[in-house]
Amino acid sequence: MASDRKTVEFLVEQMAGGGTVSAKAMFGEFGIYCDGKMVALVCDDRLFIKPTVGGRAFAAGAEEAPPYPGAKPCLLIDGEKWDDREWLAEIVRITSQELPVPKVRTKRKSG
């Protein structure tokens with residue numbers, strides 16, 4: 001089941017205090033980025049935050065589950081936390097700070 005764009009827009013708005021937050025459609029689901037780093041996924045209208053040491057400590061007790069079959073487990077954020085703008089912004093900020101800067105991909109020359 002694909003995620004609802006309105007759900008993703010709501011989450012991005014709620015997370016905005018954590019940095020420059022945006023979403024990108026990916027195979028019927030969505031990746032959420034903060035300051036250029038993918039920090040979360042929205043799959044089947046569920047929010048999964050990439051696990052980091054600080055994120056796990058901040059979201060103490062959060063269940064970990066894979067967002068899709070074959071994926072590594074992520075922090076599954078309970079829907080009750082979605083209304084807490086400050087909490088979501090903080091976990092996104094913490095996660096973004098701990099994730100490495102994405103590698104710049106270079107285009108291959110054809111021929």
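**Largest pocket.** I looked up the largest pocket first, and its volume is about 280 Å³. I took a pocket as an open set of points on a 1 Å grid over the protein atoms alone, where a 1.4 Å probe fits, with protein on both sides within 12 Å along at least five of seven lines. A volume here is the space filled by probe spheres set on the points.

**A note on the model.** This is a predicted model, in which local features need pLDDT of at least 70, side-chain atom pairs count only at pLDDT 80 or more, and totals for chains, interfaces and linings use all residues. Residues are numbered from 1 along each chain as its sequence is written, and side-chain values use heavy atoms, with hydrogens and water left out.

**Its lining.** I counted a residue as lining when it has an atom within 4 Å of a point. Among those I found around the largest pocket are Tyr33, Gly36, Lys37, Pro100 and Arg105. The lining has six nonpolar, one polar and four charged residues; Ala, Val, Leu, Ile, Met, Phe, Trp, Tyr, Cys and Pro count as nonpolar, Asp, Glu, Lys and Arg as charged, and the others, Gly among them, as polar.

**Second largest pocket.** Next I checked the second largest pocket, which holds about 240 Å³. Its lining includes Phe27, Phe30, Cys43 and Asp44. Strand 3 gives the largest share, three residues (strands are DSSP runs of E, at least two residues, numbered from the N terminus). By class I noted eight nonpolar, no polar and three charged residues.

Definitions and conventions. Helix = DSSP H or I, 4+ residues; strand = E, 2+ residues; numbered from the N terminus.
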